[in-house]
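Please look over the sequence and the model below.

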Amino acid sequence: MKHIVYTVIILSVIVLIDVTSNVDGAEIEGVHFEDTYETEGIQMKIQGMGLLRYLGFIKAYVGALYLEEGSSVDDVLSDKPKRLEVEYFHSLKGEDFGITTNKVISENTDPLTLEKIRPQIDYHNSLYEDVHPGDRYSLTYIPGRGTELALNGKTKGVIKGADFASALFSMWLGQFPMNKAFKVQLLGLK
């Protein structure tokens, strides 16, 4: 009888190990991100994940950057597919996103381009909604299609233009990002 009990325990452990080893994705601060994302026949893999802290100690949100396989982080702002997912730990007002977007894009974009893409920026900012803990925004750029803003998997809008996408993603990945440590983590350089 003991032999049967031990066999059942060992088999249960083997099954448990097998189930947990097949779980896809990555986790940071208790938040799960899938290993890959696919849209329109384009498959992107997770490049890196990061935690953005406000004032150095408040956990604001976590994010994951996805790039098409073979893409280099050196040209992350070029006209190539990319996706950024951000999950929030605190509630934020929708209008606050627009204020930050305007400020950080203007720090990373030359004045002529900024003037040219102003209508796209304004439209994008009008799409933001209030978020609560656990909500997730995503930005997905597909060349020729544009940048999709989605909240909790629901599309809010798609904005055309590679120059707009570059400016928008520069908020996290540009020369003057919102947070340099977060940028390094997203690029997988930490």
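R83, E85, E87 and R136 are linked in a network of salt bridges, a salt bridge being a side-chain nitrogen of Lys or Arg within 4 Å of a carboxyl oxygen of Asp or Glu.

The model is predicted: local features need pLDDT of at least 70, side-chain atom pairs count only at pLDDT 80 or more, and totals for chains, interfaces and linings use all residues. Residues are numbered from 1 along each chain as its sequence is written, and side-chain values use heavy atoms, with hydrogens and water left out.

The whole structure has 10 salt bridges. One of them joins K59 and E29, at 2.6 Å from N to O. This pair links distant parts of the chain, with K59 in strand β5 and E29 in the loop between β1 (26-28) and β2 (31-33), 30 residues apart. K59 is partly exposed at 33% relative accessibility, and E29 is partly exposed at 36%. Another salt bridge, between K103 and E107, has an N to O distance of 2.8 Å. These two residues are 4 apart in helix α2, and therefore separated by about one helical turn.

In total, the protein has 5 helices and 9 strands; helices (H or I, at least four residues) and strands (E, at least two) are DSSP runs, numbered from the N terminus. How do α2 and α3 pass each other? Helix α2 (residues 94-108) and helix α3 (residues 111-126) have axes that come within 10 Å and cross at roughly 160 degrees. That makes α2 roughly antiparallel to α3, a term for angles over 145 degrees. The crossing of α2 and α3 is right-handed.

Why is helix α4 (residues 162-173) largely enclosed by the rest of the structure? Of its 12 residues, 9 are buried, so the helix is largely enclosed. Among the buried residues of α4 are F164, L168, F169 and W172. Across the protein, buried residues make up 41% of the 190 residues.

G70 is exposed, with a relative accessible area of 76%. Its C-alpha atom is 9.7 Å from that of K45, 25 residues apart along the chain.

Notes: Axes are lines fitted to C-alpha atoms, for helices over the stretch in contact, and angles run from 0 to 180 degrees between N-to-C directions. Angles under 35 degrees count as roughly parallel, over 145 as roughly antiparallel, 65 to 115 as roughly perpendicular and the rest as oblique. A crossing is left-handed if the near helix is turned anticlockwise from the far one by less than a right angle, and right-handed if clockwise. Buried means under 20% relative accessible area, exposed over 50%, partly exposed in between (1.4 Å probe, protein chains only).
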